[in-house]
Amino acid sequence: MGWAVAGTISSAADLSALIPVRLSLAVLQLTVGLLILLRPRADEQGDTRAMLAALPSFLISGIMFRSASPLEAWPLGSKWIFAVAVLWVLFCFWSLRRSFAILPARRGIVRAGAYRLLRHPAYLGEYVMACACAFAGANVWGWLCLAALLPLLVLRIRQEEALLVHDQNYVAYQAQVRWRLLPGIW
């Protein structure tokens with residue numbers, strides 16, 4: 001995930017902004033770090049092309065957060081939508097556990113948790129986080145990044161699935177879970 005905790009707590013206003021956005025980001029970063037430490041070596045890594053295709057969607061998320069308005073100026077609704085999306089992403093990551101990866105890799109197929117509903121549910125959460133940033137920031141860069149993020153996520157998903165399709169367990173999983181990103185659409 002390209003999300004980063006910005007700044008330090010220096011006043012009561014900063015403390016109020018800590019909850020829910022900064023706290024949820026801190027928990028997300030801690031979770032990602034733990035999952036990276038606990039995961040086994042990948043059965044297969046994506047090639048350079050797959051890695052390069054995955055990076056823009058990863059990086060644009062951080063750009064969106066940085067280009068949004070200061071957290072203190074975010075509408076309360078954007079803060080809570082962001083925090084709920086982070087909780088969804090955390091649920092997805094903990095469902096993956098030892099199969100967690102940031103870049104395309106094959107580490108085993110997970111059919112539990114959110115992965116019973118969608119093949120790439122964490123990316124849905126990432127997109128909702130980006131939507132919260134765009135609505136909170138209300139600037140041209142945020143909206144341009146949001147418009148670019150969806151096709152970049154689609155490209156990332158296609159690269160990951162190109163690697164996973166060689167695994168018969170994944171082929172069976174695709175037949176079991178039809179939707180990639182959004183139920184009823186794709």
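A salt bridge is taken here as a side-chain nitrogen of Lys or Arg within 4 Å of a carboxyl oxygen of Asp or Glu, and by this rule the count comes to three salt bridges. The model is predicted, so that local features need pLDDT of at least 70 and side-chain atom pairs count only at pLDDT 80 or more, while totals for chains, interfaces and linings use all residues. Residues are numbered from 1 along each chain as its sequence is written, and side-chain values use heavy atoms, with hydrogens and water left out.

**View A. Salt bridges that share Glu-161.** Arg-119 and Glu-161 form a salt bridge whose closest N and O atoms are 3.0 Å apart. This pair links distant parts of the chain, with Arg-119 in the loop between S2 and helix H4 (121–137) and Glu-161 in helix H5, 42 residues apart; helices (H or I, at least four residues) and strands (E, at least two) are DSSP runs, numbered from the N terminus. Glu-161 also forms a salt bridge with Arg-180, the closest N and O atoms being 2.8 Å apart. Because Arg-180 lies in the segment after helix H6 (168–176) and Glu-161 in helix H5, the pair ties together parts that are 19 residues apart in sequence.

**View B. Glu-160, Arg-156 and Gln-159 in helix H5.** The side chains of Glu-160 and Arg-156 meet in a salt bridge, at 3.8 Å from N to O. Being four residues apart in helix H5, these two residues are separated by about one helical turn, and both Glu-160 and Arg-156 are buried. Gln-159 lies in helix H5 (residues 140–164) and counts as buried at 11% relative accessibility. Leaving aside neighbours within four places in sequence, Gln-159 is in contact (heavy atoms within 4.5 Å) with Arg-49, Ala-50 and Ala-53.

**View C. The surroundings of Ser-99.** Ser-99 is placed in the loop between helix H3 (76–96) and strand S2 (105–106), and is buried with a relative accessible area of 17%. A polar atom of the Ser-99 side chain lies 3.5 Å from the backbone oxygen of Gly-108. When residues up to four places away in sequence are not counted, Ser-99 touches Arg-107, Gly-108 and Val-110.

**View D. Aromatic pairs, including Phe-93 with Phe-100.** Rings of Phe, Tyr and Trp (its six-membered ring) pair if their centres lie within 6.5 Å, and planes under 30 degrees apart count as stacked, over 60 as edge-to-face and the rest as tilted; by this rule the count comes to five aromatic pairs. The rings of Phe-93 and Phe-100 have centres 4.7 Å apart and planes at 65°, so the pair is edge-to-face. Both Phe-93 and Phe-100 are buried. Phe-135 and Trp-143 form an aromatic pair that is edge-to-face, with 5.0 Å centre to centre and 85° between the planes. Phe-135 is exposed, with a relative accessible area of 54%, whereas Trp-143 counts as partly exposed at 37% relative accessibility.

Notes
Buried < 20%, exposed > 50% of the residue type's maximum accessible area, 1.4 Å probe, protein only. Polar contact = N/O pair within 3.5 Å; in protein donor to acceptor, adjacent residues only side chain to side chain.
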